[in-house]
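Hi there,

Here is the structure I promised to pass on. Please have a look at it first, and then read my notes below.

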Amino acid sequence: MTNITEPLSLALGLASFRSVEGAESNVRRLSDMVDYFADNEALQRALAAGDRVVYEFVELTQEGSDGVLSFGLTRIRPGLVGREYHMTKGHFHTHGGDEVYLVSEGRGVLVLQSRQGDCRAIDMAPGSMYFVPGQWAHRTVNTGDGDLTFLAVWPGDIEHDYETILREGFCKQVLEGPDGPLITELRG
Ligand code: M6P
Ligand code: ZN
């Protein structure tokens, strides 16, 4: 948890975010992603070769309901588990709360799913921003050959709900196809 009361300027890199007092570093490895990737056999095969990092993020979380913002930088390494690209777990915000992304490097797909079952997949590219309305679950997928790095900004008073995604999965999967990423509709 942080309490930032002075103006701040940060380069969009994990190291500069980590240098802020109170920054929380998170690493998600293959072993943290069991039940998230669809092909469990492929996940177990990959794990046997080593528990590699799928993504890292550094968060500067501030608590408060008076317009306080939290923000973080996420870097997803390139890679596949079976035919599925490396991705974040993805989550809903328990009581809503919008989120904004700004991509600094890489190529990817933002998968969005509303509580009513609407489903979207939006291409992500450097220099573009993405707005996630509060009621939509969000997952980011690295479809490129290099890192996918993006800034995220969200309200200080949200809570993350991973349970719904674990239970129900996402409505779309992003898979490697013969001519690039292939987005398959699972439902919705
Ligand atoms: C971004 C934000 C964070 C999120 C992180 C990792 O930084 O959306 O809120 O925690 O990515 O994603 P996840 O929590 O789904 O693992
Ligand atoms: Zn979020």
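**The zinc site**

The site of the zinc ion (ligand 2) is irregular, with angles of 87 to 162° among its four donor atoms. Please keep in mind as you read that this is a predicted model.

Which protein atoms are the donors of the zinc ion? They are NE2 of His91, NE2 of His93, OE of Glu99 and NE2 of His138, lying 2.1 Å from the ion. Along the sequence, these donor residues follow the spacing H-x1-H-x5-E-x38-H. Histidine 93 in strand 6 (residues 92–93) and histidine 138 in strand 11 (residues 136–142) are 45 residues apart, so this pair links distant parts of the chain.

**Around histidine 93**

The cut-off for buried is under 20% relative accessible area.

The side chain of histidine 93 also makes a polar contact with the side chain of histidine 91, at 3.5 Å. If you leave aside its neighbours within four places in sequence, the residues in contact with histidine 93 are Asp98, Glu99, Arg115, Gly134, His138, Ile158, Glu159 and His160.

**The other ligand**

Next comes ligand 1, which is surrounded by 14 residues. The closest are Tyr55, Thr74, Gly90, Glu99 and Tyr162. Glu99 is also one of the protein donors of the zinc ion.

Several polar atoms of the protein lie by oxygen atoms of ligand 1, and here are the distances:

- Threonine 74 has a polar side-chain atom 2.7 Å from an oxygen atom of ligand 1.
- Glycine 90 places a backbone N or O atom 2.8 Å from an oxygen atom of ligand 1.
- Histidine 160 has a polar side-chain atom 3.2 Å from an oxygen atom of ligand 1.

How much of ligand 1 does the protein bury? Taken alone, ligand 1 exposes 370 Å², and the protein buries 99% of that.

Valine 111 sits in strand 8 (residues 108–114). This valine is buried, with a relative accessible area of 1%. Not counting residues up to four places away in sequence, valine 111 touches Arg120, Ala121, Ala137, His138, Arg139, Val141, Phe170, Lys172 and Val174. Among them is His138, which is one of the zinc donors. Valine 111 and valine 132 are 21 residues apart in sequence, and their C-alpha atoms are 10 Å apart in space.

Cysteine 171 is found in the loop between helix 3 (163–168) and strand 14 (172–177). Although in a loop, cysteine 171 is buried, with a relative accessible area of 1%. Its C-alpha atom is separated by 6.9 Å from that of glutamine 113, a residue 58 places away along the chain.

**One backbone detail**

Finally, a word on aspartate 35, in the loop between strand 1 (24–29) and helix 2 (40–48). Aspartate 35 has a positive phi of about 80°, although it is not a glycine. Is this residue buried or exposed? With 58% relative accessibility, aspartate 35 counts as exposed.

Best wishes

Definitions and conventions:
Residues numbered from 1 in each chain as written. Chains lettered and ligands numbered in written order. Predicted model: local features only at pLDDT ≥ 70, side-chain atom pairs only at ≥ 80, totals over all residues. Heavy atoms only, no water. Donors = N, O, S within 2.8 Å, 3.2 Å for Na, K, Ca; no water. Tetrahedral: all angles 85-135°; square planar, octahedral: opposite > 155°, others 65-115°. Helix = DSSP H or I, 4+ residues; strand = E, 2+ residues; numbered from the N terminus. Near = heavy atom within 4 Å. Polar contact = N/O pair within 3.5 Å; in protein donor to acceptor, adjacent residues only side chain to side chain. Areas by Shrake-Rupley, 256 points an atom, 1.4 Å probe, with all protein chains shown as cover. Contact = heavy atoms within 4.5 Å. Buried < 20%, exposed > 50% of the residue type's maximum accessible area, 1.4 Å probe, protein only.
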